Amino acid sequence: MGTNVNLRAGAGTDTAVITVLRDLGSPVTLTCYLRGTSIAGDPWWYRATFINAHGYIAGYWVDTGPDP
């Protein structure tokens, strides 16, 4: 696994990258979730805010406990 995680414009790997979280463990604020492109079998994506950027992050990279 790498240490860079993309914050994207939508819930899929085919959407634009808004910003890159450079370190795993970076704090983000999550507000909701939806199904999107599956990453390693995890289809959940979370609406996230990182500093002043808003977008979606794959659930595979987010430690929220059990999937919704």
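Two strands pair if DSSP finds at least two bridges between them. Strands themselves are DSSP runs (E, at least two residues), as are helices (H or I, at least four), numbered from the N terminus. This is a predicted model, in which local features need pLDDT of at least 70, side-chain atom pairs count only at pLDDT 80 or more, and totals for chains, interfaces and linings use all residues. Residues are numbered from 1 along each chain as its sequence is written, and side-chain values use heavy atoms, with hydrogens and water left out.

**View 1. The hairpin of strand 4 and strand 5.**
Ala48 stands opposite Gly55 in strand 5. Strand 4 covers residues 42-50, and its pairing with strand 5 is antiparallel, over six bridges. Two residues separate the strands of this hairpin. Ile51, in the turn, has a positive phi of about 55 degrees. Strand 5 spans residues 53-58; five of its six residues are buried, so the strand is largely enclosed by the rest of the structure. Buried means under 20% relative accessible area, exposed over 50%, and partly exposed in between (1.4 Å probe, protein chains only).

**View 2. The hairpin of strand 3 and strand 4.**
Strand 3 and strand 4 also pair in the antiparallel sense, here over seven bridges. Leu34 has Trp45 of strand 4 as its bridge partner. Two residues lie between the strands of this hairpin. Ala40 in the turn has a positive phi of about 50 degrees. Seven of the nine residues of strand 4 are buried, so strand 4 is largely enclosed by the rest of the structure.

**View 3. Aromatic rings.**
Rings of Phe, Tyr and Trp (its six-membered ring) pair if their centres lie within 6.5 Å; planes under 30 degrees apart count as stacked, over 60 as edge-to-face and the rest as tilted. By this rule there are three aromatic pairs. One of them joins Tyr33 and Tyr46: 6.0 Å centre to centre, 50 degrees between the planes, tilted. This pair links distant parts of the chain, with Tyr33 in strand 3 (residues 29-39) and Tyr46 in strand 4, 13 residues apart. How accessible is Tyr33? Its relative accessibility is 46%, so Tyr33 counts as partly exposed. Tyr46 is buried, at 7% relative accessible area. Tyr60 and Trp61 have ring centres 4.9 Å apart and planes at 85 degrees, so their pair is edge-to-face. Tyr60 is partly exposed at 32%, and Trp61 is partly exposed at 29%. Tyr33, Trp44 and Tyr46 form one aromatic cluster.

Arg8 sits in strand 1 (residues 5-8). Is Arg8 buried or exposed? Arg8 is buried, yet has no salt bridge. A salt bridge is a side-chain nitrogen of Lys or Arg within 4 Å of a carboxyl oxygen of Asp or Glu. The nearest side chain of opposite charge is Asp14, 6.8 Å away; Lys and Arg count as positive, Asp and Glu as negative, while His and the chain ends are not counted. A polar atom of the Arg8 side chain lies 2.5 Å from the backbone oxygen of Thr15. Leaving aside neighbours within four places in sequence, the contacts of Arg8 (heavy atoms within 4.5 Å) include Val17, Trp45, Gly55 and Tyr56.

**View 4. The chain as a whole.**
The protein chain has zero helices and five strands. Along the sequence, the pattern is β-β-β-β-β. Of its 68 residues, 32% count as buried. Among contacts with a separation of 6 or more, 35% join residues 24 or more positions apart.

Definitions and conventions
A polar contact is a pair of N or O atoms within 3.5 Å; within protein, one must be able to donate a hydrogen and the other to accept it, and residues adjacent in sequence count only if both atoms are side-chain atoms.
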